[in-house]
Amino acid sequence: MTTWNLRETKHHVLICNGSSCMRKGGEEVTQAIREEVTNMNLDTLIHTTRTRCNGRCKDACVVIVYPEGTWYKAITPEIGSKIVQKHLAGKEILEEAVIYKYDQQGFAAPENTECVAGISKPIK
């Protein structure tokens, strides 16, 4: 098993590899993001992790970028490469693919989003 030194890491990219996302190209998205990170020599700055289900199956394939807390929907390999080029390397969020952004108050969906609102979690 590998244990990475993450001290220079600026971004953590979580790539959903749950069953719905895998049916929508999760493996190809994972490989495209990782290849673009390598091609742009950003390996020390960007760490990627395959996850299981992130709970947004209707938005598959889902990619989440931290520390910003930006959730992306319907990611294809091409859009995955653009996330690396524009968001991670260029600090430009791909607004057309955003499900949620973290705004210090919590996660907020963009106005006029076409995303499914989803089921509210119960208050305990």
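1. Start with His87. Setting aside neighbours within four places in sequence, His87 is in contact with Val65, Glu68, Thr70, Tyr72, Lys82, Glu92, Ile93 and Leu94. Keep in mind that this is a predicted model. His87 sits in helix 3. Is His87 buried or exposed? His87 has 2% relative accessibility, so it counts as buried, the cut-off being under 20%. One of its contacts is also polar: the side chain of His87 meets the side chain of Tyr72 at 2.6 Å.

2. Now look at helix 3 as a whole. Helix 3 covers residues 77-88. How far apart should its ends be? With 12 residues at 1.5 Å a residue, helix 3 should span 16 Å. Its end C-alpha atoms are 15 Å apart, which agrees. Gly80, Ser81, Ile83, Val84, His87 and Leu88 are buried in helix 3. What covers these buried residues? The cover includes strand 1 (11-16), helix 2, strand 2, strand 3 and strand 4.

3. Two packed helices are described by the angle between their axes and the distance between the axes. For helix 2 and helix 3, the axes come within 8 Å and cross at roughly 30°. On the helix 2 side, the contact is made by Glu28, Val29, Ala32, Ile33, Glu36 and Val37. On the helix 3 side, it is made by Pro77, Gly80, Ser81, Val84 and Gln85. The crossing of helix 2 and helix 3 is right-handed.

4. Follow Val29 next. Val29 belongs to helix 2, which runs over residues 26-39. Val29 has 0% relative accessibility, so it counts as buried. What does Val29 touch, beyond its neighbours within four places in sequence? Val29 is in contact with Ile15, Cys61, Val63, Ile75, Thr76 and Pro77. Val29 and Lys10 are 19 residues apart in sequence, and their C-alpha atoms are 20 Å apart in space.

5. Turn to the strands. How many bridges join strand 1 to strand 3? Four bridges join them, and the two strands run antiparallel. His12 stands opposite Tyr66 of strand 3. Strand 3 and strand 4 also run antiparallel, joined by three bridges. In that pairing, Val65 has Thr70 of strand 4 as its bridge partner. Val65 and Thr70 are both among the contacts of His87.

6. Check the turn between strand 3 and strand 4. These two strands form a hairpin, with three residues between them. Gly69 lies in the turn and has a positive phi of about 80°. Pro67 is in the loop between strand 3 and strand 4 (70-72). The peptide bond joining Tyr66 and Pro67 is cis, with omega about 20°.

7. There is another cis bond to inspect. Which residues does it join? It joins Ala60 and Cys61, with omega about -5°. Cys61 lies in the loop between strand 2 (46-51) and strand 3 (63-66). Cys61 is also one of the contacts of Val29.

8. Asn41 has a phi near 55°. Asn41 lies in the loop between helix 2 and strand 2. Its relative accessible area is 66%, so Asn41 is exposed, the cut-off being over 50%. Lys91 has a phi near 65°. Lys91 is placed in the loop between helix 3 and strand 5 (98-102). With a relative accessible area of 69%, Lys91 is exposed.

9. Finish with Asn17, a loop residue. Asn17 lies between strand 1 and helix 1 (19-23). Is Asn17 buried or exposed? Its relative accessible area is 6%, so Asn17 is buried. Which residues does Asn17 touch, not counting those up to four places away in sequence? Asn17 touches Met22, Gly26, Glu27, Thr30, Arg50, Thr51 and Arg52. With Arg50 there is a polar contact as well: the two side chains are joined at 2.7 Å.

Definitions and conventions. Residues numbered from 1 in each chain as written. Predicted model: local features only at pLDDT ≥ 70, side-chain atom pairs only at ≥ 80, totals over all residues. Heavy atoms only, no water. Buried < 20%, exposed > 50% of the residue type's maximum accessible area, 1.4 Å probe, protein only. Contact = heavy atoms within 4.5 Å. Expected span 1.5 Å × (residues − 1). Polar contact = N/O pair within 3.5 Å; in protein donor to acceptor, adjacent residues only side chain to side chain. Pairing = 2+ DSSP bridges. Axes fitted to C-alpha atoms, helices over the stretch in contact; angles between N-to-C directions. Left-handed = near helix turned anticlockwise from the far one by under 90°.
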